[in-house]
Amino acid sequence: MLDSLTDKQVEVLDQLCLHKTSKEIANELGISRHTVDQRVSSVRTKWNLPTRQEVVRLYRELLEAAENRNDSIYEPLIYEPSQVGIAIVTDDPERKNRTTSMVEDLAPAALVEPGISQGTPSGMTLVDRLDLHFGPSGRFVAVIGLAFVMALTLALVLVIADALERLL
């Protein structure tokens, strides 16, 4: 399955394994965020997986299996790697007490390495934060909402300009 990946897809998956967001990966590789998402989506389609998190999980497993095959000195692992869980802090009662594997949620605020404190993700716009919390539908609603607010602001500016013109 690893052989089916292009070099560019491998670059993106390696960065996802480091818990980076699409925006961070795009900045590092000098490509757009949409290109990153497209490469991940392409791998999801190739491997017939439902989520990015599943792609990352399977990619890690395949890398580990390839390393174990190449390392003939050691026997393969008998036990599966442990899943280190982290608590997600949220107001949503369904998610409040849930623990998750390190790759289940790729939101930077949810992926905190042990011993490393992390505040609000830097460089994230309101739309990105809504996307992380609500998914693509949240992004859509946010973009429509922002467009509506911008249209109202423009209309208000035009009304004020017209009123000022009449006064002069």
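Me: Is Arg57 buried, partly exposed or exposed?
Reply: Arg57 is partly exposed, because its relative accessible area is 30%. Keep in mind that this is a predicted model.

Me: Which residue does Arg57 form a salt bridge with?
Reply: Its partner is Glu54. The closest N and O atoms of the pair are 2.7 Å apart.

Me: Let me zoom out. How many helices and strands does the protein chain have?
Reply: The protein chain has seven helices and two strands. Along the sequence the pattern reads α-α-α-α-β-α-β-α-α.

Me: What share of the residues counts as buried?
Reply: The protein chain has 168 residues, and 27% of them count as buried.

Me: What about contacts across the sequence, what percentage join residues at least 24 apart?
Reply: That comes to 47%, taken among contacts between residues at least 6 apart in sequence.

Me: Now the core. How many residues are in the largest nonpolar core?
Reply: The largest nonpolar core has 17 residues. Leu13, Leu16 and Trp47 have the most contacts inside it.

Me: Which elements give two or more residues to this core?
Reply: Those are H1, H2, H3 and H4. H4 gives the most, with five residues.

Me: Let's look at helix pairs. How are two packed helices described?
Reply: By the angle between their axes and the distance between the axes.

Me: OK, at what angle do H1 and H3 cross?
Reply: The axes of H1 (residues 7-17) and H3 (residues 33-47) cross at roughly 100° and come within 9 Å. Angles of 65 to 115 degrees count as roughly perpendicular, so H1 is roughly perpendicular to H3.

Me: Which residues meet there?
Reply: From H1 come Lys8, Gln9, Glu11, Val12, Leu13 and Leu16. They meet Val36, Arg39, Val40, Ser42, Val43, Lys46 and Trp47 of H3. By class, this contact of H1 with H3 has seven nonpolar, two polar and four charged residues.

Me: Next pair. How do the axes of H2 and H3 cross?
Reply: The axes of H2 and H3 cross at roughly 110° and come within 8 Å. That makes H2 roughly perpendicular to H3.

Me: Who makes that contact?
Reply: On the H2 side, Ser22, Lys23, Ile25 and Ala26. On the H3 side, Arg33, Val36 and Asp37. The contact of H2 with H3 has three nonpolar, one polar and three charged residues.

Me: Back to charges. How many salt bridges does the count come to?
Reply: The count comes to five salt bridges. In one of them, the side chains of Asp37 and Arg52 meet at 2.9 Å, N to O.

Me: What does the Asp37 and Arg52 pair tie together?
Reply: Asp37 lies in helix H3 and Arg52 in helix H4, so the pair ties together parts that are 15 residues apart in sequence. Asp37 is partly exposed, with a relative accessible area of 22%. Arg52 also counts as partly exposed, at 22% relative accessibility.

Me: Which residue forms a salt bridge with Asp162?
Reply: Arg166 does, with the closest N and O atoms 3.0 Å apart. Both sit in helix H7 (residues 136-167), and being four residues apart, they are separated by about one helical turn. Asp162 is partly exposed, with a relative accessible area of 33%. Arg166 is exposed, with a relative accessible area of 68%.

Me: Which residues do salt bridges with shared partners join into one network?
Reply: Glu54, Arg57 and Glu61.

Methods: Residues are numbered from 1 along each chain as its sequence is written. This is a predicted model: local features need pLDDT of at least 70, side-chain atom pairs count only at pLDDT 80 or more; totals for chains, interfaces and linings use all residues. Side-chain values use heavy atoms; hydrogens and water are left out. Axes are lines fitted to C-alpha atoms, for helices over the stretch in contact, and angles run from 0 to 180 degrees between N-to-C directions. Angles under 35 degrees count as roughly parallel, over 145 as roughly antiparallel, 65 to 115 as roughly perpendicular and the rest as oblique. Contact means heavy atoms within 4.5 Å. Ala, Val, Leu, Ile, Met, Phe, Trp, Tyr, Cys and Pro count as nonpolar, Asp, Glu, Lys and Arg as charged, and the others, Gly among them, as polar. A salt bridge is a side-chain nitrogen of Lys or Arg within 4 Å of a carboxyl oxygen of Asp or Glu. Buried means under 20% relative accessible area, exposed over 50%, partly exposed in between (1.4 Å probe, protein chains only). A nonpolar core is a set of buried Ala, Val, Leu, Ile, Met, Phe, Trp, Tyr and Cys residues joined through side-chain atoms within 4.5 Å.
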